[in-house]
Amino acid sequence: MTNEKLRQVYAYHFDSKHRPERYAPGPGGLDWATQPNPFRSFAGVPRLMLPLLADGGDLPFSAVRAGERPPAAPLDIDHLGLLLERSLGLSAWKSYGDARWALRCNPSSGNLHPTEAYLVSGGCPGLVGGVYHYQSHDHCLEQRAQDITLFAQAEAPGGVILALTSVHWREAWKYGLRAYRYCQHDVGHALAAVAYAAAVLGWRVERLGWSDATLARILGVDRAPDFDPDEREAPDLALWVGPERPSREVVEALRRRPWSFSGTANRLSPGHLSWHGIELVCQACERDAEQGVASVAETPLPSVIPRVCEQGAAALIRQRRSAVAFDGCTSMPFDAWVAMLDALLPRPGVPPLDAWGRSPRVNLLLFVHRVEAVPPGLYALVRAPDSLGSLRESLRPDWSWALVEGVPTHLGLYRLVEGDAREAARALACHQDIAGDGCFAVAMLAEFDAALEEGAWCYRELFWECGLLGQVLYLEAEAAGLRGTGIGCFFDDAVHHLLGIEDTRWQSLYHFTLGAPLEDARLQSEPPYAHREGGRLD
Ligand SMILES: Cc1cc2nc3c(=O)[nH]c(=O)nc-3n(C[C@H](O)[C@H](O)[C@H](O)COP(=O)(O)O)c2cc1C
């Protein structure tokens, strides 16, 4: 890694900060004529419609969040369909007046959905070996490359490679320079969504440590003529997903295969604004080594604090939504709060953080507004115990750091200072009321300099980790009868100033808020796949 790459990353991070007096450079208004199509598809390729099963089996969310898995479902087209539908598929259509838009199981900043997904498969019942793009609008696979001879049936692989890419333009259309950050958040949310959906099938997810160039070649996203130059896809990460652990031979065979591609990507917008700063940070953050994802031995934690939620995980995944407003009065029970925070700690075998394979680098600063028996104020959840000293050094010296009474000490939950934090949370989140009207809001603090010392590409990983935590909070909120919302819009250095942070050892990279939602009764809702033959009407 060169210092130039690091310089680019720090420059991008600084330039893409929102400030109360000046937001990060944006397009200066929405150009509706160039609004990107939220659905990528490939012309000139065979399409394989995935089944929409009426009953795909479910497991109580309380079991899934504790790491319980059913006996592994077989690897076949039905179960791959369930995996994709429950992670990256549509969850509903909404309409208001003439406007109609789709929601998906994975959330996305501005509902712009820059994340695309691919399967690289050696073949399984119902699916011949090949490289497939997942097209969520119709819940189908588009076959970009095929190889029926890759594996003899006897040695059929016990999993597939599920890879994620980002179309940065989709997000930049609305958010300009800051869009690169949001694309990375969305990758983290999508990774967590896949890990939860896999767990319901009894499957496991492991990250593969491929370089970006390898991933781009295998997915065919490095093929310039197949894409509009302004709508190229950047490779993000590759996961092994399935009933069995990845075998080195199978992964190598899929990696080395000289795939022969067909098809061209649809054009998403008739015109584009170019964001040079995104191109530069994207190049600087390229992961160029074939690194294994270093899994560091963690101190074993007690089992996750149980919570009663008989609702099925698949049902909860489909009902997940972002709140647009909170009631401003509901308090959440203390036990539910503690159990929710405990779910943010990594435990082997417990989704979705078991798929991360990295030691935590993100701690949480909590703006507590309405939690029963908890005085309002600022609190810290220290997920990375080794980082406690560095965090304490960086935050205001006069804060008390008292362990919260009645909470198991493994949680690392500290009260920093008591007081009404509603207005601070609201103002810091670009004046969004949802940050002050809920039960609590979160600023995710990442160990920034230390991560970048490992490599400029770790900049992306920090946002992915934040997105993973966001997805945990989304589902935990639903399970508690509440609702969450990711917050990408916040005033970075104003947050740092409030906390006393004066350098880049710790940086706030993502916010989140959670409370009792107010529904918008004006919106009409329709089922996700009624437009598809064989679509369910639920
Ligand atoms: C990374 C990220 C940042 C977001 N930032 C905001 C935000 O600042 N304000 C807000 O109201 N919603 C925010 N959201 C929520 C999205 O608008 C929401 O996910 C999207 O509209 C899709 O709706 P759904 O989550 O209900 O499926 C964010 C979501 C994500 C994933």
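With 538 residues, the protein would have a radius of gyration near 24 Å as a compact globule, and its 22 Å agrees with that; the radius is taken over C-alpha atoms, and the globule rule is 2.2 Å times the number of residues to the power 0.38. This is a predicted model, so to speak of local features takes pLDDT of at least 70, side-chain atom pairs count only at pLDDT 80 or more, and totals for chains, interfaces and linings use all residues. Residue numbers start from 1 along each chain as its sequence is written. Along the principal axes, the C-alpha atoms fill a box of roughly 65 × 55 × 50 Å. The protein has 16 helices and 19 strands, taken as DSSP runs numbered from the N terminus (helices are H or I, at least four residues; strands are E, at least two).

The domain assignment gives domain 1 (3-17 + 36-90 + 103-284) and domain 2 (322-515), with bounds from an automatic or database assignment. Their centres, over C-alpha atoms, sit 27 Å apart. Where they touch, 30 residues of domain 1 are in contact with 30 residues of domain 2 (C-beta atoms, placed from the backbone, within 7 Å). On the domain 1 side, helix H1 (3-15), helix H2 (61-64), H5 and E9 each give two or more residues. H5 gives the most, with 14 residues. By class, that side has 17 nonpolar, six polar and seven charged residues; Ala, Val, Leu, Ile, Met, Phe, Trp, Tyr, Cys and Pro count as nonpolar, Asp, Glu, Lys and Arg as charged, and the others, Gly among them, as polar.

Now for the sheet. Seven strands line up as E2-E7-E6-E5-E8-E10-E9 in an open, antiparallel arrangement, where pairing takes at least two DSSP bridges between two strands. Strands E2 (47-49) and E9 (204-208) are at the edges with a single partner strand each, so one side of each has no neighbour in the sheet. From one strand to the next, the twist averages 30°. Helix H5 (residues 179-200) packs on the sheet, touching E5 (115-121), E8 (160-166), E9 and E10 (234-242), and its direction makes about 10° with that of E10 (axes are lines fitted to C-alpha atoms, for helices over the stretch in contact; angles run from 0 to 180 degrees between N-to-C directions).

Of the 19 residues around it, Pro107, His185, Ser322, Gly486 and Gly488 come nearest (a residue is near if its C-beta atom, placed from the backbone, lies within 6 Å). H5 and strand E17 (483-487) are the elements giving two or more residues to this shell, and the largest share, four residues, comes from H5.

Terms used:
Contact = placed C-beta atoms within 7 Å.
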